[in-house]
Structures are given as structure tokens and as C-alpha cells.
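These are my notebook entries on one structure. I wrote down what I looked up and what I found.

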Amino acid sequence: MEMNEADTRKKLIDPKIHNVGWKEDLIRREKSAGAIELINGKTKRKEGRADYLLCLPAKAEENPLAIAVLEAKKEDEHATLGLGQAKEYAKRLNVPFVFSTNGHLFTSFDTSIGKVTEELPLENFPTPDRLRSLYEKNKGFSTVNENSKALLIPYQGGQSERRYYQDAAIRATLEKVASQKKGWNRVLLSLATGSGKTRIAVQLLHKLEKAGQLKRALFVCDRNELKRQGYGSLFSIFGDNAVQFSKNSKWQNARLLVATYQSLGLDEEGDEGYFLKTFPKNYFSHIIIDECHRSAWNKWSLVLTNNPDAVQIGLTATPRKIIGEESKDKTRDEEISANNLKYFGEPVYEYPYIQGWEDGYLAACEIVRRKAGIDDDWISKEELIDREATDAKTGKLLRSHEIKELYGKESYDKKLILPDRRKAMCKDLLSQFEKTGGIKQKTIIFCANDKHAEDVANELNNLYAEMKLPKCDKFAFKFTAKTFDEGSDEKHEHMLSNMRDSKHSHFIATTVDLLSTGVDIPCIQNVVFFAYVSSPITFYQMVGRGTRIVEDEIYGKYMFRIYDYTNATRLFGKEFLSKVTKPKDTPSKPTTDEKEKIVKVKGFEVKIKDEGTFILMRDELTKKEKPITLEEYRRKLAESLVLKVENIDLLREMWVKPDERNHLIEALPGGLDGANLIRHLLNLDDCDLFDFLANVGFGVNPKTREQRVFAFNYKNKDWLMSLPSDSSKVVSALAKQFKENGIEELENPHVFEISEIKRAGGVKALAKVMIATKAILEVKRRLLVA
């Protein structure tokens with residue numbers, strides 16, 4: 001009988017590697033969250049990808065150390081077939097050794113030397129001691145050395161407290177520190193927004209503290225919201241040993257300080273002398289810089305330069321690389337605070353958004369591109385004069401010499417205010433919301449400046465009032481840096497709290513960049529670009545506001561939309577480059593008459609154009625995400641599918657076999673997540689993925705799960721009647737599970753424990769005519785033919 005991958009592992013692989021020392025406690029099964037599918041209006045997580053890690057033996061109080069990934073293939077496949085896939089897994093899991101086996105032969109790959117071995121009998125598989133020796137040579141340290149002790153410290157709260165990539169990032173950090181090689185105390189981690197960088201920082205500090213390596217640590221960020229989040233996480237583990245630093249706080253006995261640059265006196269108006277006086281050189285043994293891509297505070301590098309012996313860890317979603325390095329004007333501060341890659345070195349671990357989405361940890365993204373037709377053209381001075389352009393601040397008519405010859409789209413809302421354009425965009429946005437669940441959706445709109453944010457919020461509130469809907473306090477509201485100047489921290493926290501939790505107010509926040517980083521609002525359903533954006537760094541931070549998944553009954557958010565009115569989404573997949581900032585000569589302050597006027601003008605007809613709907617896919621060459629249209633993705637999917645599956649009958653036969661089905665889906669563009677997302681966007685959630693692919697690849701009209709179960713009962717009437725009554729009822733009850741939870745439910749090992757199936761007679765009734773596994777296979781085949 002043919003063995004699948006699970007059987008091969010259990011019957012052939014496990015016994016043989018057990019014989020050379022790989023006991024059960026040294027084999028760890030790492031699972032990703034799994035794709036999310038909508039079935040009968042309810043969300044259901046599919047089984048996540050499982051990777052098998054080999055870990056080095058450890059003492060009872062230590063954490064086994066992962067060092068290799070083992071890919072199992074079916075017995076009748078070549079052992080080398082899984083190696084390419086396993087290499088990708090090894091990179092994501094941060095392990096140096098890769099093995100692939102079919103239960104008889106195995107092959108391996110060592111990432112440090114980049115060589116694949118010949119196939120060898122599985123009985124010759126390396127022992128734990130052999131792999132320990134190779135690992136220590138590879139990394140440059142001994143696993144029994146004090147420097148590596150933190151690697152073996154268990155997680156606070158146990159293994160369930162971290163995701164696989166967080167574990168990989170933590171191990172990568174501690175491995176670099178343990179190596180004591182050049183640059184060992186400077187570490188950069190690059191993980192997508194929403195992936196849990198703060199959780200990584202907390203567990204890192206916990207391991208270092210328990211290993212006796214942490215004396216005093218500083219967690220530094222640039223916003224109070226980030227400070228509060230960091231402090232809350234650290235306090236939950238370290239208690240009173242963690243303190244929010246301020247000049248008035250009692251911090252002297254604390255081992256962990258959580259501070260902003262401002263509270264340390266290192267913002268633009270601060271006194272760096274206060275920092276130097278308060279914290280002597282090398283006061284901190286460990287420093288974690290949150291959102292270290294920022295270079296807004298040019299003095300913050302003093303935190304690093306004044307603690308050269310400290311382990312310095314930079315956390316970011318967007319590592320910045322300076323271009324124009326030949327400039328003599330670049331200062332030491334710019335090198336440190338802006339050029340992460342040069343200061344910290346290459347990231348020891350990266351986890352991009354596209355991987356987080358594919359793993360099921362970050363929300364899927366649909367891109368809706370819209371465009372104001374007026375943005376296609378330049379607006380001339382003559383057109384403005386003809387429409388009686390005014391000074392936006394005084395309301396006075398402008399004279400010819402006060403208006404520039406031409407205005408382009410990048411100057412709209414900054415130098416040229418066009419109320420007609422703003423109203424058309426706001427009206428169009430609300431009409432888009434009405435197509436996707438109504439206008440009361442939690443949304444962030446990125447605007448050109450504070451004035452623009454104010455105007456957009458007012459415009460949206462006016463439009464809401466015109467709809468004659470129930471009164472809504474703060475349907476839209478401005479939340480910018482100016483808002484902070486106008487109110488207390490309590491007021492701002494109240495606004496954010498309502499944005500997060502209220503289902504009756506605070507739906508749309510208009511901002512410039514205040515909400516682009518550091519503010520955790522998981523329920524955000526839409527990110528909107530009304531401003532033109534040129535920086536990939538800024539763009540990714542803005543998009544990151546929508547990437548978090550919310551798994552609760554109130555919001556149940558598994559995807560978000562980007563409404564792009566300025567083609568900002570062209571920046572997906574771009575390098576994070578910044579030009580060197582050159583010091584500018586201080587210009588003489590212009591007189592009132594010399595200042596460029598901000599022009600305001602009405603009278604333009606503005607139409608909003610549909611620029612297409614897109615989803616994100618991983619580019620095959622760059623491995624980065626890029627937007628493609630639904631039509632293009634559907635075409636790629638069809639081309640890939642028909643190359644792998646000749647006809648609908650072969651697809652049906654592959655679909656009833658879990659291993660073959662999963663391999664097929666993994667090999668398709670975008671994998672399971674891509675197929676699920678486009679199925680959702682095409683309103684085919686009530687169909688099994690089989691029907692969606694049959695339609696895409698072979699033009700077969702898709703049937704819903706309910707239609708298939710109904711057809712199963714009448715098309716198989718004669719077969720069902722030929723079975724004993726109780727057996728027939730069990731078969732019908734099994735088929736019904738397809739309608740309720742999809743084909744995977746029939747493969748659930750606990751399917752016969754479902755009450756409806758048990759009441760019909762269960763396995764005992766079915767045994768009168770066939771064994772359970774054969775019955776399930778037969779039901780699946782007949783369902784897909786129906």
C-alpha cells in the first residue's frame with residue numbers, strides 16, 4: 001500500500017533517526033497560524049504549515065536549541081525533491097542545516113558552505129553530537145560557553161508565548177551576540193509591522209536577565225504611545241524592575257528603563273548635557289532601539305555612542321540605507337541614526353509583510369486604486385485667475401504676480417487648495433465604503449498637511465450629515481501633531497480608545513504621519529492615501545496600520561483595504577533608500593510680501609476614475625510583494641494550474657488526496673492565501689476551493705458547497721438506497737460536513753465524533769459495508785462529481 005508523507009515519517013523516518021539519538025523530545029513541530037477561509041459566513045483557520053525541527057539536547061531546566069529542518073517526502077519520491085523547499089523553510093526558521101528524506105535515503109545542505117551532499121542511507125543520519133559539533137563550528141562559539149547561555153533559557157510563559165519567526169529572530173540575535181565576532185554587539189532585526197517586535201524585545205531581555213548577562217537595559221522609542229506599550233509588556237514580566245523614565249520618576253534602582261528620546265533630553269530642543277550627566281559612559285549593558293529607521297531626532301545617536309560596550313539591538317520594519325555616501329557633509333549622527341545597515345550590519349533576521357500574510361499572521365490586503373482626473377494635468381495661472389483664485393489665509397483675490405505659472409498634483413492641498421477635488425474624493429471614498437459593508441468602517445486617511453487633514457475631516461462629517469443618518473459624534477476627526485498642541489495626553493488617549501473600541505463614533509481619523517507608526521489600532525479596516533507619498537519607508541509604515549488581524553466576534557478582521565488616490569502603492573517592493581541630508585544655509589526670513597501664497601480656488605469639475613483593483617503577490621525574481629490586478633492573478637493561476645493538472649478529472653482525483661492537494665496548492669502562484677483571497681474578492685466564499693480552481697483552469701461553472709451536498713443526495717440515490725439504512729444515514733451525515741466546513745472536515749480524525757454522525761450509527765454502522773477511510777474517500781469523490 002502506498003504511504004503518504006505522514007505514514008513515511010511515522011513508519012520509516014522516525015524509527016531510523018531515533019536509532020541514532022534523535023529522541024522525541026529533540027524533534028519540535030513548528031506550525032504557522034494557517035490560512036483563513038470563510039465558510040457559511042464564518043471564519044475558519046486551515047491547518048498551518050508544519051515544519052519539523054531537530055534540536056540539540058539540553059538540561060531539564062534549559063530550552064532545546066533548534067539547529068536543523070527535516071523535510072519528509074513520500075516513500076516513492078526521490079529524497080532530493082524536498083530540499084529546495086526545505087532551504088526556504090530553513091531561512092525562515094533560522095537554522096543552518098537542511099535535511100530531506102524519503103525514509104530510505106537522505107540528502108543535506110549546510111547553509112554555511114552552500115553545498116548539497118550526495119544521497120546516503122538514512123541509517124547514516126548524523127547524530128545529535130555530530131550536529132552539535134558542526135553547529136558550534138558554524139557559529140563560532142560553544143553551546144556550553146557563558147556567552148551562549150541565553151540561547152538555552154526557556155521562554156517566559158513557555159513555548160506557546162512565541163511564534164516560530166519570533167523564536168527565529170531571538171535565536172539569530174543571541175547567536176550573533178554569543179559569537180563575539182566583529183560587530184557582535186550591534187544587531188538589527190527587520191520585521192513587518194504587526195509581527196510582534198515588542199514581544200521579541202521582552203523575551204530577549206528576559207533570557208538575557210535569566211542568563212545573568214543583563215545589568216541595566218534601556219528600551220528607547222520616540223513616542224509616548226510606544227513607551228506605554230513597551231512598558232506594559234516589560235512590567236508584565238519584570239514588575240517594578242521596569243520603570244517609565246522621566247526626570248521626575250524614581251528610576252535609580254530599576255534595571256529596565258523605558259524612555260522616549262524627548263524624556264532623555266535628546267530631541268531637537270533637548271539638552272544632551274542632561275543625558276550625559278545622568279547616565280555615565282557605558283551605564284547600560286543592553287539597549288533596544290524601537291523603530292530605529294527614524295532619523296527625526298538627530299541627537300538620539302548619543303544613546304549608542306555613549307554606551308559603546310552595550311549590546312545594541314535595533315528593531316524596525318524598514319531598515320534604511322543611505323544613498324549618496326560620497327557626500328562630505330554627512331555627519332556621524334546621520335551615519336548612525338539613518339544608515340541602519342552600515343551601523344548595525346545586515347539584519348540577522350527578516351520577516352516581511354508578504355510572509356506574514358502567507359503564514360496567516362497578518363491581514364490580507366486588497367488595493368483599490370482611484371484617481372481624480374484633475375491630477376492628470378497641470379493647472380495654469382490663467383485658469384486660476386479666470387476662477388477668481390484667493391489667498392487661502394485671507395480670502396483676498398490674488399493678483400497675477402502672486403500666482404505661480406503652473407501647479408502640479410504634488411502641490412495640491414499644500415500650495416493649491418482645490419475644494420472641488422477634496423469633496424469629490426471624499427464622496428467617492430464613502431461610496432466605495434458603501435459597497436463593502438457601509439460607511440462606518442475604521443479608517444485612517446493620510447493627508448498632505450494639518451490643514452488638509454482638518455478640511456477632509458470636516459468634508460466627511462458634512463457628507464455624513466447630508467445622508468440623514470443617525471447622529472454620530474465624531475464620525476471623522478483630525479489626529480495630527482497639531483492635535484497634541486491643542487489638548488492633553490488624556491484627550492488623545494480617549495480619542496485613540498474610541499477609535500479602537502467604539503462602534504458608535506470615531507470611525508475615520510485624518511492625519512499626516514502621526515498615525516503612521518507607533519499607534520496600535522488593530523481594528524483598522526482601511527488605509528487611505530489622499531496625500532502624495534514618495535518615500536518607501538513612510539509608505540510601509542503607513543500601510544502597517546492595517547496589517548494586524550483581529551480574531552474576535554466584534555470586528556473579526558482578516559483583511560484590509562488600501563484606497564489609493566495618489567498611486568502610493570507603486571512603492572510596494574521598493575528599496576528603503578534615503579538621500580543624504582546636507583546642511584542648509586539659514587536663509588534670511590522673507591517678508592510677508594515675499595512669502596509664497598497658498599492659493600484656494602473653486603470651479604473645477606472633478607471626476608474620479610477607477611484605476612483597477614489589485615492584490616499583493618510575491619514577485620518570483622525579487623521575492624518582494626508587488627500589486628497585480630485580479631485579472632492578471634487569475635490568468636497566472638490558470639496558466640500554472642493547467643501546466644500541473646491536465647484536466648478536470650485529474651484535478652478531482654488530486655483533490656480527494658490531502659497530500660497531493662496541498663502540494664498542488666503550494667505550487668500555485670500565491671499559494672493557499674492568494675487563492676483564498678481572490679475567491680473572497682470574487683464573492684465565491686460559498687464554494688470549495690476545488691470549484692474556484694475548476695472554474696479558473698477549466699471553465700467549469702462553480703457550485704456552492706450546499707449545491708454539491710444537495711446534488712450528492714439525489715445523484716447518488718440508488719447507491720445510498722443499496723446500503724443498509726443506518727450506513728446510508730452515516731454517509732449522508734458525512735456528506736453534510738462538506739457543506740458545513742469544507743472538504744478538510746471529512747479528513748478530520750475526529751469526524752466520527754460529530755454528534756450527527758454518531759446518532760446515525762457512526763463507524764459501527766459504516767463497518768457493515770466498508771472501512772471508514774474508504775467510505776470517506778468515496779464520499780469525497782462523489783461530492784466533487786455531483
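How many bridges join strand 30 to strand 31? I found 5 bridges between strand 30 and strand 31, and the two strands run antiparallel. I take helices (H or I, at least four residues) and strands (E, at least two) as DSSP runs, numbered from the N terminus. I count two strands as paired if DSSP finds at least two bridges between them.

I note that this is a predicted model, in which local features need pLDDT of at least 70 and side-chain atom pairs count only at pLDDT 80 or more, while totals for chains, interfaces and linings use all residues. Residues are numbered from 1 along each chain as its sequence is written, and side-chain values use heavy atoms, with hydrogens and water left out.

I then looked up single partners. Leu616 has Pro627 in strand 31 as its bridge partner. Strand 18 (364-372) pairs with strand 30 in the antiparallel sense over 6 bridges, and Lys371 stands opposite Lys609 in strand 30. Strand 18 is also joined to strand 27 (559-564) by 6 bridges, and these two run parallel. There, Ala364 has Met559 in strand 27 as its bridge partner.

Is strand 18 mostly covered or uncovered? I found it mostly covered, with 8 of its 9 residues buried. Buried means under 20% relative accessible area, exposed over 50%, and partly exposed in between (1.4 Å probe, protein chains only).

**Entry: helices across the sheet**

Contact means heavy atoms within 4.5 Å.

I checked the length of helix 18 (residues 630-644). The expected span of a helix is 1.5 Å times one less than its number of residues. The 15 residues of helix 18 should therefore span 21 Å, and its end C-alpha atoms are 21 Å apart, which agrees.

Which residues of helix 18 are buried? I listed Leu630, Tyr633, Leu637, Ala638, Ser640 and Leu641. The buried residues of helix 18 pack against several elements, among them strand 30 (608-618), strand 31 (625-629) and helix 19 (648-655).

**Entry: pairs of helices**

Two packed helices are described by the angle between their axes and the distance between the axes. Helix 19 packs with helix 29 (residues 772-785) at an angle of about 145°, and their axes are 9 Å apart. Arg652, Glu653 and Trp655 of helix 19 meet Arg781, Leu784 and Val785 of helix 29.

Helix 5 (residues 197-210) packs with helix 6 (residues 224-238) at about 35°, with the axes 10 Å apart. Among the residues that make this contact are Val202 and Leu205 of helix 5 and Leu234 and Ile237 of helix 6.

**Entry: cysteines**

How many disulfides does the structure hold? I found 0 disulfides, where a disulfide is a pair of cysteine sulfur atoms within 2.5 Å. The closest cysteine sulfur to that of Cys447 is in Cys426, at 8.1 Å, which is too far for a bond. Cys447 counts as buried because its relative accessible area is 3%. Cys55 is buried too, at 1% relative accessibility.

**Entry: positive phi**

Lys468 is a residue other than glycine, with a positive phi near 60°. Lys468 lies in the loop between helix 14 (450-466) and strand 24, and counts as exposed because its relative accessibility is 74%. Gln180 is not a glycine either, and has a positive phi of about 55°. I located Gln180 in the loop between helix 4 (164-179) and strand 10 (186-191). At 38% relative accessibility, Gln180 counts as partly exposed.

Conventions: Axes are lines fitted to C-alpha atoms, for helices over the stretch in contact, and angles run from 0 to 180 degrees between N-to-C directions.
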